[in-house]
Amino acid sequence: YDGDVMTIYLMLTAVIAGLVQGTTGFGLGIVMMLVLPFFLPLASSAAVTNFISLPLCLFLYLRYRKEVNHKLLILPTLFYIVGSSLAILLIPYINQYLLKIFFSLFLIGLSIYFLKFATTFQIRASLTTMIVTGVLSGICDGLFGIGGPLMVVFYLALVPTKEAYLGSIQGLFLLVGIYNIIFRIYRGIFTINLLQPSLFISVAVLLGMLIANRIVNRINHDLIRQLTYCFIGLSGVITLLTTLFI
């Protein structure tokens, strides 16, 4: 890929990612991981996504921090870290071809879940669900840079208001993201070569968030969500076909 073309694609994607996360509380990882693997290895893509999410998560957490019950962050965060640590440790030993196939199937499954079951499937806020959602979300985050969907379901069932939900999930993403980027640096996955492009992409993400703040009340959220979920599934199908046949 031409360097200028790559930069334009990544910056536009980052603006959209910031817009999505700024309006829904999650989705940055999903949007970025639809594009980054075309330019970087999957493990590096997940690491860059991890890094660029930190400023956005910090900003949104600070905005809603007064609504957060911080006691509800501790256990989910710990279980999330366990899952992500396990995945980050294993990812260098996993065949990248197989990992990309699993990633594409993960995107397809994610799309089906949101389109068919997200509005009807509910969970109880218990220790068991904390363990299951935390560990599984951490594993998905460690492997693919996408750990939000299960935690979205968990916190929507757990907290009473939209503000408390946004503050809680951004607080979790912030704590886990800081831990994960340190761990990825230690494991040699996030390197100095990735730092400069990550900083540029972070600026574009924050721009998307600022746009979200201005138009959040004017957006048809249901339509955007449905189109986003369809695009996730389509991206999974394209990734699977190109991995298998190209």
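Me: Is S111 buried or exposed?

Reply: The model is predicted, with local features requiring pLDDT of at least 70 and side-chain atom pairs pLDDT 80 or more, while totals for chains, interfaces and linings use all residues. Residues are numbered from 1 along each chain as its sequence is written, and side-chain values use heavy atoms, without hydrogens and water. S111 is found in helix α5 (residues 96-117), helices being DSSP runs of H or I with at least four residues, numbered from the N terminus. Because its relative accessibility is 5%, and buried means under 20% relative accessible area with a 1.4 Å probe on protein chains only, S111 counts as buried.

Me: Which residues is S111 in contact with, leaving aside neighbours within four places in sequence?

Reply: Contact means heavy atoms within 4.5 Å. With those sequence neighbours set aside, the partners of S111 are Y229, C230, I232 and G233.

Me: What is the volume of the second largest cavity?

Reply: A cavity is a set of points on a 1 Å grid over the protein atoms alone where a 1.4 Å probe fits but cannot get out; lining residues have an atom within 4 Å of a point. Grid points are joined across faces, edges and corners, and a volume is the space filled by probe spheres set on the points. The lining here consists of M33, L34, P37, F38, K100, F103, L107 and T239. The volume of the second largest cavity is about 70 Å³.

Me: Which element gives the most to the lining of the second largest cavity?

Reply: Two or more lining residues come from each of α2 and α5. With three residues, the element that gives the most is α5.

Me: How much space lies in the largest cavity?

Reply: The structure holds two cavities of 30 Å³ or more. The largest is lined by 21 residues, and S53, D141, G145, G147 and F173 lie nearest its centre. At least two lining residues each come from α2, α3, α7 (148-158) and α8. The space in the largest cavity is about 240 Å³.

Me: At roughly what angle do helix α4 and helix α8 cross?

Reply: Angles run from 0 to 180 degrees between N-to-C directions, with axes fitted to C-alpha atoms over the stretch in contact. The axes of α4 (residues 71-90) and α8 (residues 162-186) come within 10 Å, and the angle is roughly 35 degrees.

Key:
Buried < 20%, exposed > 50% of the residue type's maximum accessible area, 1.4 Å probe, protein only. 1 Å grid on protein atoms, 1.4 Å probe; cavity = no way out; pocket = protein on both sides within 12 Å on 5 of 7 lines; lining within 4 Å.
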